[in-house]
Amino acid sequence: MTVNLEDWAMITAMPIEGHALTGRVERTNWQERVATLIGDCPAAKGNRTSGVPLIWLSEHRQKCPEAADETTLEWYARAYLWYILTEVVFPDSSGNSAVWSYLFFPLDDATQRMGDKSNMGGFVWAFSIWMWERLPVGRPEKMPRRPWGAYSEDGDESRHPIVAYDWDVVKLYTGLNKTSYKTYTNELDALTHTQRCIMPMICVYAVEWHLPHRVATQFGVYQHTPPGQPTDTGGHALHL
(Lines give C-alpha, C1' and ligand atoms only; values in the text may rest on other atoms or scores of the structure.)
Protein backbone atom coordinates (compact mmCIF):
# COMPACT_ATOMS: atom_id res chain seq x y z
CA MET A 1 0.00 0.00 0.00
CA THR A 2 1.05 3.61 -0.39
CA VAL A 3 -0.05 7.19 0.15
CA ASN A 4 -2.13 8.32 -2.84
CA LEU A 5 -3.33 11.69 -4.10
CA GLU A 6 -6.84 11.26 -2.68
CA ASP A 7 -5.33 10.73 0.77
CA TRP A 8 -3.26 13.90 0.46
CA ALA A 9 -6.18 16.02 -0.69
CA MET A 10 -8.51 14.86 2.09
CA ILE A 11 -5.93 15.09 4.87
CA THR A 12 -4.34 18.44 4.01
CA ALA A 13 -7.02 20.16 1.85
CA MET A 14 -4.24 20.96 -0.61
CA PRO A 15 -5.20 20.98 -4.31
CA ILE A 16 -3.97 18.03 -6.38
CA GLU A 17 -4.94 19.51 -9.72
CA GLY A 18 -3.46 22.41 -11.65
CA HIS A 19 -0.06 23.40 -12.95
CA ALA A 20 3.10 21.74 -11.65
CA LEU A 21 5.57 23.83 -9.67
CA THR A 22 8.59 23.83 -11.92
CA GLY A 23 11.13 26.13 -13.57
CA ARG A 24 14.80 26.97 -13.60
CA VAL A 25 16.77 26.74 -10.38
CA GLU A 26 19.56 29.31 -10.64
CA ARG A 27 22.05 29.54 -7.77
CA THR A 28 23.76 32.72 -8.96
CA ASN A 29 23.39 35.53 -6.40
CA TRP A 30 20.77 33.55 -4.43
CA GLN A 31 21.73 35.30 -1.18
CA GLU A 32 21.19 38.74 -2.69
CA ARG A 33 17.80 37.63 -3.99
CA VAL A 34 16.83 36.27 -0.57
CA ALA A 35 17.79 39.61 1.01
CA THR A 36 15.60 41.42 -1.52
CA LEU A 37 12.57 39.28 -0.64
CA ILE A 38 12.85 39.11 3.17
CA GLY A 39 15.10 42.09 3.94
CA ASP A 40 18.24 40.25 5.04
CA CYS A 41 20.27 37.08 4.54
CA PRO A 42 23.03 35.59 6.71
CA ALA A 43 26.51 35.09 5.34
CA ALA A 44 27.16 31.62 3.94
CA LYS A 45 29.12 29.21 6.13
CA GLY A 46 31.55 26.91 4.37
CA ASN A 47 30.14 25.60 1.09
CA ARG A 48 26.45 25.86 2.11
CA THR A 49 24.39 26.45 -1.02
CA SER A 50 21.06 24.91 -0.04
CA GLY A 51 19.58 27.84 1.82
CA VAL A 52 19.28 29.81 5.03
CA PRO A 53 19.62 28.13 8.46
CA LEU A 54 16.15 27.67 9.96
CA ILE A 55 17.38 28.86 13.35
CA TRP A 56 18.43 32.17 11.77
CA LEU A 57 15.07 32.54 10.03
CA SER A 58 13.13 31.91 13.25
CA GLU A 59 15.32 34.29 15.27
CA HIS A 60 15.34 37.18 12.79
CA ARG A 61 11.88 36.90 11.23
CA GLN A 62 9.78 35.43 14.02
CA LYS A 63 7.75 38.46 15.14
CA CYS A 64 6.98 41.42 12.93
CA PRO A 65 7.57 44.78 14.65
CA GLU A 66 4.49 46.78 15.56
CA ALA A 67 3.69 49.73 13.31
CA ALA A 68 5.87 48.20 10.57
CA ASP A 69 5.64 49.71 7.11
CA GLU A 70 4.25 47.80 4.13
CA THR A 71 7.66 46.66 2.91
CA THR A 72 8.58 45.21 6.31
CA LEU A 73 5.21 43.45 6.52
CA GLU A 74 5.90 41.80 3.16
CA TRP A 75 9.34 40.67 4.36
CA TYR A 76 7.88 38.95 7.42
CA ALA A 77 4.95 37.49 5.51
CA ARG A 78 7.29 35.95 2.92
CA ALA A 79 9.57 34.62 5.67
CA TYR A 80 6.60 32.98 7.45
CA LEU A 81 5.30 31.30 4.29
CA TRP A 82 8.84 30.24 3.41
CA TYR A 83 9.25 28.63 6.83
CA ILE A 84 5.92 26.78 6.51
CA LEU A 85 6.84 25.45 3.05
CA THR A 86 10.33 24.28 3.95
CA GLU A 87 9.74 23.04 7.50
CA VAL A 88 6.19 21.64 7.28
CA VAL A 89 5.13 20.95 3.69
CA PHE A 90 8.41 20.17 1.89
CA PRO A 91 11.07 19.42 4.54
CA ASP A 92 14.12 17.55 3.28
CA SER A 93 16.55 15.29 5.08
CA SER A 94 18.89 18.14 6.07
CA GLY A 95 16.39 19.30 8.68
CA ASN A 96 18.17 22.59 9.35
CA SER A 97 17.84 24.75 6.22
CA ALA A 98 15.15 26.79 4.52
CA VAL A 99 15.72 25.85 0.87
CA TRP A 100 15.98 29.05 -1.14
CA SER A 101 14.27 27.71 -4.30
CA TYR A 102 10.88 27.58 -2.53
CA LEU A 103 11.17 31.25 -1.62
CA PHE A 104 11.74 32.27 -5.25
CA PHE A 105 9.08 30.09 -6.90
CA PRO A 106 5.90 30.61 -4.85
CA LEU A 107 6.72 33.83 -2.99
CA ASP A 108 8.67 36.03 -5.40
CA ASP A 109 5.51 37.37 -6.93
CA ALA A 110 3.10 37.01 -4.39
CA THR A 111 9.18 22.49 14.81
CA GLN A 112 12.54 23.43 14.98
CA ARG A 113 14.81 20.43 14.77
CA MET A 114 17.76 20.17 17.12
CA GLY A 115 21.17 19.21 15.78
CA ASP A 116 22.63 19.44 12.30
CA LYS A 117 21.34 16.17 10.86
CA SER A 118 18.09 14.26 10.60
CA ASN A 119 17.07 11.07 8.84
CA MET A 120 13.53 11.72 7.64
CA GLY A 121 12.00 14.17 5.22
CA GLY A 122 8.55 14.92 3.90
CA PHE A 123 5.18 16.12 5.15
CA VAL A 124 5.50 14.19 8.42
CA TRP A 125 2.31 15.23 10.23
CA ALA A 126 0.18 14.42 7.18
CA PHE A 127 1.90 11.04 6.89
CA SER A 128 1.04 10.35 10.54
CA ILE A 129 -2.63 11.15 9.89
CA TRP A 130 -2.55 8.87 6.83
CA MET A 131 -1.20 5.97 8.91
CA TRP A 132 -3.81 6.46 11.60
CA GLU A 133 -6.59 6.58 8.99
CA ARG A 134 -5.42 3.58 6.94
CA LEU A 135 -3.76 1.29 9.47
CA PRO A 136 -5.74 0.27 12.55
CA VAL A 137 -2.52 -0.82 14.20
CA GLY A 138 -1.13 1.00 17.21
CA ARG A 139 -3.01 4.17 16.38
CA PRO A 140 -4.22 6.45 19.17
CA GLU A 141 -7.80 6.60 20.36
CA LYS A 142 -9.95 9.46 19.08
CA MET A 143 -11.23 11.78 21.79
CA PRO A 144 -13.96 14.46 21.64
CA ARG A 145 -12.84 17.16 19.26
CA ARG A 146 -12.64 20.85 19.98
CA PRO A 147 -15.34 22.92 18.21
CA TRP A 148 -14.50 23.66 14.59
CA GLY A 149 -15.16 27.32 15.36
CA ALA A 150 -11.86 27.38 17.23
CA TYR A 151 -10.08 26.99 13.88
CA SER A 152 -12.43 28.62 11.37
CA GLU A 153 -12.93 32.32 10.90
CA ASP A 154 -16.28 34.01 11.27
CA GLY A 155 -18.01 34.39 7.93
CA ASP A 156 -15.45 32.27 6.05
CA GLU A 157 -17.60 29.56 4.49
CA SER A 158 -14.69 28.13 2.49
CA ARG A 159 -12.99 26.68 5.57
CA HIS A 160 -14.44 23.22 6.12
CA PRO A 161 -13.11 20.45 8.39
CA ILE A 162 -10.60 18.09 6.76
CA VAL A 163 -9.73 14.49 7.62
CA ALA A 164 -7.01 15.62 10.02
CA TYR A 165 -9.68 17.31 12.16
CA ASP A 166 -10.97 13.85 13.15
CA TRP A 167 -7.68 13.39 14.99
CA ASP A 168 -7.74 16.80 16.67
CA VAL A 169 -7.57 15.29 20.17
CA VAL A 170 -6.20 11.78 20.72
CA LYS A 171 -5.24 9.49 23.56
CA LEU A 172 -1.92 7.77 23.00
CA TYR A 173 -1.44 4.11 23.92
CA THR A 174 1.27 3.37 26.44
CA GLY A 175 2.39 0.07 27.86
CA LEU A 176 5.19 -2.46 28.09
CA ASN A 177 7.11 -3.20 24.90
CA LYS A 178 6.38 -6.93 24.97
CA THR A 179 2.64 -6.40 25.34
CA SER A 180 2.64 -3.69 22.67
CA TYR A 181 4.33 -6.07 20.26
CA LYS A 182 1.64 -8.70 20.76
CA THR A 183 -1.08 -6.09 20.29
CA TYR A 184 0.44 -4.85 17.04
CA THR A 185 0.94 -8.33 15.56
CA ASN A 186 -2.63 -9.33 16.47
CA GLU A 187 -4.00 -6.20 14.84
CA LEU A 188 -1.92 -6.81 11.72
CA ASP A 189 -3.18 -10.38 11.45
CA ALA A 190 -6.78 -9.13 11.63
CA LEU A 191 -6.45 -6.62 8.75
CA THR A 192 -8.76 -6.96 5.72
CA HIS A 193 -8.84 -5.00 2.41
CA THR A 194 -11.21 -2.18 2.72
CA GLN A 195 -9.33 4.82 -8.91
CA ARG A 196 -6.36 5.15 -10.00
CA CYS A 197 -4.42 8.05 -11.49
CA ILE A 198 -1.07 7.21 -13.11
CA MET A 199 0.79 10.47 -13.59
CA PRO A 200 4.10 12.19 -12.89
CA MET A 201 4.30 14.34 -9.75
CA ILE A 202 6.56 17.36 -10.29
CA CYS A 203 8.14 19.72 -7.77
CA VAL A 204 10.78 21.98 -9.30
CA TYR A 205 13.55 19.56 -10.35
CA ALA A 206 12.10 16.47 -8.61
CA VAL A 207 9.91 14.18 -10.74
CA GLU A 208 8.35 10.92 -9.54
CA TRP A 209 5.50 8.80 -10.82
CA HIS A 210 2.30 8.27 -8.88
CA LEU A 211 1.72 4.53 -9.42
CA PRO A 212 -1.41 3.37 -7.54
CA HIS A 213 -1.71 0.31 -9.81
CA ARG A 214 1.21 -1.15 -7.86
CA VAL A 215 -1.03 -1.25 -4.75
CA ALA A 216 -4.33 -2.12 -6.42
CA THR A 217 -5.41 -4.32 -3.52
CA GLN A 218 -5.48 -1.21 -1.35
CA PHE A 219 -8.41 -0.04 -3.51
CA GLY A 220 -10.16 -3.44 -3.56
CA VAL A 221 -9.03 -4.06 -7.16
CA TYR A 222 -7.32 -7.19 -8.52
CA GLN A 223 -3.55 -6.89 -8.22
CA HIS A 224 -1.63 -7.86 -11.36
CA THR A 225 1.78 -9.39 -10.80
CA PRO A 226 4.06 -7.89 -11.85
CA PRO A 227 2.40 -4.45 -12.12
CA GLY A 228 2.09 -3.04 -15.63
CA GLN A 229 3.52 0.05 -17.22
CA PRO A 230 4.89 2.64 -16.87
CA THR A 231 8.33 1.38 -16.01
CA ASP A 232 9.94 4.80 -16.49
CA THR A 233 9.93 6.45 -13.04
CA GLY A 234 11.41 9.77 -14.07
CA GLY A 235 13.71 9.49 -17.06
CA HIS A 236 15.24 12.16 -19.27
CA ALA A 237 12.19 12.52 -21.52
CA LEU A 238 9.86 13.08 -18.56
CA HIS A 239 12.15 15.69 -17.06
CA LEU A 240 12.25 17.55 -20.37
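## Terms and source

A residue is called buried when its relative accessible area is under 20%, exposed when that area is over 50%, and partly exposed in between, using a 1.4 Å probe and protein chains only. This is a predicted model, in which local features need pLDDT of at least 70 and side-chain atom pairs count only at pLDDT 80 or more, while totals for chains, interfaces and linings use all residues. Residues are numbered from 1 along each chain as its sequence is written, and side-chain values use heavy atoms, with hydrogens and water left out.

## Overall make-up

The protein chain has 240 residues, of which 25% count as buried. Its secondary structure consists of eight helices and six strands. Helices (H or I, at least four residues) and strands (E, at least two) are DSSP runs, numbered from the N terminus. Read from the N terminus, the order of elements is α-α-β-α-α-β-α-α-β-β-α-β-β-α.

## Two nonpolar cores

A nonpolar core is a set of buried Ala, Val, Leu, Ile, Met, Phe, Trp, Tyr and Cys residues joined through side-chain atoms within 4.5 Å. The largest one here has 20 residues, and Val34, Ile38, Leu57 and Trp82 have the most contacts inside it. At least two residues of this core come from each of helix H2 (30-38), helix H3 (54-60), helix H4 (70-89), strand S2 (97-99) and helix H5 (100-107). Another core lies apart from it and has ten residues, including Leu85, Ile129, Val163 and Trp167.

What does valine 34 touch, not counting residues up to four places away in sequence? With contact meaning heavy atoms within 4.5 Å, valine 34 touches Gly39, Asp40, Cys41, Val52, Trp82, Trp100, Leu103 and Phe104.

In H2, the buried residues are Trp30, Val34, Leu37 and Ile38. They lie on the same side of H2 because they cover an arc of only 75 degrees around the axis. The arc is that of the directions from the helix axis to the C-beta atoms. Glycine 39 follows H2 and has a positive phi, near 90 degrees.

H4 has 20 residues and spans 27 Å from its first C-alpha to its last, close to the 28 Å expected at 1.5 Å a residue. The expected span is 1.5 Å times one less than the number of residues in the helix. Among the buried residues of H4 are Thr72, Tyr76, Ala79, Trp82 and Leu85. Leucine 73, also found in helix H4, is partly exposed, with a relative accessible area of 45%. Leaving aside neighbours within four places in sequence, leucine 73 is in contact with Cys64 and Ala68. Leucine 73 and isoleucine 38 are 35 residues apart in sequence, and their C-alpha atoms are 9.4 Å apart in space.

## Helices H1 and H6

Two packed helices are described by the angle between their axes and the distance between the axes. H1 (5-12) and helix H6 (residues 124-134) pack at about 110 degrees, with their axes 10 Å apart. That makes H1 roughly perpendicular to H6. The contact involves Glu6, Asp7, Trp8, Ile11 and Thr12 of H1, and Trp125, Ala126, Phe127, Ile129, Trp130 and Arg134 of H6. Axes are lines fitted to C-alpha atoms, for helices over the stretch in contact, and angles run from 0 to 180 degrees between N-to-C directions. Angles under 35 degrees count as roughly parallel, over 145 as roughly antiparallel, 65 to 115 as roughly perpendicular and the rest as oblique.

Leu5, Asp7, Ile11 and Thr12 are buried in H1. Their arc around the axis is only 155 degrees, which puts them on the same side of H1. The buried residues of H1 are covered by elements including H6, strand S5 (199-203) and strand S6 (206-210).

## Residues in loops

Asparagine 29 is in the loop between H1 and H2. Is asparagine 29 exposed or partly exposed? It counts as partly exposed, at 49% relative accessibility. Alanine 67 is in the loop between H3 and H4 and counts as exposed, because its relative accessibility is 84%.

Tyrosine 151 lies in the loop between strand S3 (141-142) and strand S4 (170-171). Tyrosine 151 is partly exposed, at 32% relative accessibility. Not counting residues up to four places away in sequence, tyrosine 151 touches Arg146, Arg159, Tyr165 and Asp168. Tyrosine 151 and proline 161 are ten residues apart in sequence and 9.1 Å apart in space, C-alpha to C-alpha.
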